[in-house]
Amino acid sequence: MQHQVKRLNQVLALIVLFILVVLPLCLILYRGFAPSETSSFLENVQQIIQSSNLKILWNSVLLGLSVVILTTLIALPLSYIMVKTSLSRHQWLDVLIMVPFMTPPYIGAMGWMLTMQHNGLLHQISPIFSHLTPIFFSFFGMVVIMSCHLTPFLYVVLKKSLLNIHQSQEEAALIYGGSFMYRFKRIIAPLFVSGYSMGALLVFVKAIGEFGTPVTMGNRIGFKVLTSEIHHSASIWPIDFQRAALLSSLLLTVSMGVWAFQQWFQTRTNFISNSGKGQKTRILPKGKWDILLYLFVFIELFVTIVLPYASIVINAFVKRLSKGLTPDNITLDNFVQVLSGNGGIALFNSVLLAVIAATLASILGLWYVLSSQKRNPLSKLIDFSSLLPNTVPGIIVVIGLILFWNSKFNPIPLYNTIFMLVVTYTVLYIPYAVQNIKNVKQNISPNLFEAAEMSGSTGWQKFKSITLPLLRPGIISGWILIFCISMRELVGSLMLRPPNTDTSATFIYRQFEQGDSSQGMAMALLSIGITSIILIAMEQWERKRKL
């Protein structure tokens, strides 16, 4: 009887996941290629291989490859410096390095554009920088913006790979007279090539699937990529859902192909190193080149943090950016106007939607983790489906949700209501709840549950007394993470919000597009401030819990 109940629970969990995640993604392929009254299957295939669509695909691939190259040029020396030099002792630098990655891409792009535009921050510092404006507002500038955002991600991957290279291996080469380049070529590079390949391919997938920078910077310079064109087809008149579905299928194919290649390549390059002297890493002695290494780290932090964030902060506190930083131009009116007008409603909407979505995603995540405890085909399907939204670009998930919830056969009238945003956030961020809860669950001994069963505990008693208290840290961590990300989510909010309804992200985007960057940046600081305070509080809670 108990086995049948668990089986039924798994089936129900899989049905819910199929409705929320799998079916919307399948509808993209169906809507894009299925014959219709106006086109056949072959005509749909011919449409996707049109030169204009292939040009957009090439733009996305070229952008992704360029971002991978630039992030590698920055992250590789940065990770080596932060592992092998005395700077490794300053862990607070790791926090600073991660700031650009924790900032929503569209806010970072806006900060860069405000810095580099005519009469922007650099131009006001010195007119000589005006020569950089046409250079920046090009494909090169777009690559720089996205690379600054994704460099911390690749940095973390490379740093972890370097830390896994044990001291004894380098010492053996050093004893036999191996130079730095020899040690790098023969020991360091082969041992972290697997980690780098994973990081580089993930950077590529994130770059071609990013929405914020292409829709702000890309649209301004006229550089079309798949994400911006999908948004254009599904949001701007004349609406063309079939083209949006075709382009989404193209992006989905590329993304999943890269994921498959990454898994295959990693199995071919996964070196296993001996334990040696444990995880202790050899710190290079101080030398004459240290000043250049420190200067590299300083420039990296200045370019990725100070330049864009300075413009965001300054714009939020000035009446008009063109007047400069004079005492009579500094004001708090931007924050007052944001909180007292439509911006206050938008901020409230974001907080409310984030709370509801984080709660629903956490409940569903807990259900899916508990449903997939027994390793069988159903459990594997639940596990795969619950993590699926995290393996494809967010805009693809959003297009799938539009096609599903706006279809004629769907009897639930959620589309074009604010509840549609709750569903969108929940579906997009269920993987974060699942992953956080799974990470905690892996550290729980199964002996506790066996002891409870031997003591006669029923399913509910065991859940209330053992499972829920032990999994609570993962549930709370996942909830806070989902809340913070939902607060600043743009692509789903922009494409699925009902008329006359704003969130903090759409308010920022709309103000920036209309030329009122001051109120937009004030809202950006409020959103970043709220989520940062919550994340800092979570970190402090985690530290106290581990003591």
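Predicted model: local features only at pLDDT ≥ 70, side-chain atom pairs only at ≥ 80, totals over all residues.
1. Helices α19 (residues 394-405) and α20 (residues 419-441) pack against each other: their axes come within 11 Å and cross at roughly 135 degrees. The two helices are therefore oblique to each other, since an angle over 145 degrees would be needed to count as roughly antiparallel. The crossing is right-handed.

2. On the α19 side, the contact is made by Gly-394, Val-397, Val-398, Leu-401 and Trp-405. On the α20 side, Met-420, Val-423, Thr-424, Val-427 and Leu-428 take part. Eight of the residues in this contact are nonpolar, two are polar and none is charged. As background to the spacing of such positions, an α-helix has 3.6 residues a turn, so residues three or four places apart point the same way.

3. Helix α20 also bends. A kink of about 45 degrees lies at Tyr-429, shortly before the proline Pro-431.

4. Helix α3 (residues 51-84) has 34 residues, which should span 50 Å at 1.5 Å a residue; the end C-alpha atoms are 48 Å apart, which agrees. This helix has a kink of about 25 degrees, centred on Thr-72.

5. Most residues other than glycine have a negative phi, and most peptide bonds are trans. Between Trp-237 and Pro-238 the peptide bond is cis, with omega about 0 degrees. Pro-238 is in the loop between α13 (226-235) and α14 (241-268).

6. Asn-119, a residue other than glycine, has a positive phi, near 65 degrees. Asn-119 sits in the loop between α6 (105-116) and α7 (121-125).

Terms used. Residues numbered from 1 in each chain as written. Heavy atoms only, no water. Axes fitted to C-alpha atoms, helices over the stretch in contact; angles between N-to-C directions. Helix = DSSP H or I, 4+ residues; strand = E, 2+ residues; numbered from the N terminus. Parallel < 35°, antiparallel > 145°, perpendicular 65-115°, else oblique. Left-handed = near helix turned anticlockwise from the far one by under 90°. Contact = heavy atoms within 4.5 Å. Nonpolar A, V, L, I, M, F, W, Y, C, P; charged D, E, K, R; others polar. Expected span 1.5 Å × (residues − 1). Bend = angle between axes of the 7 residues up to and from the residue.
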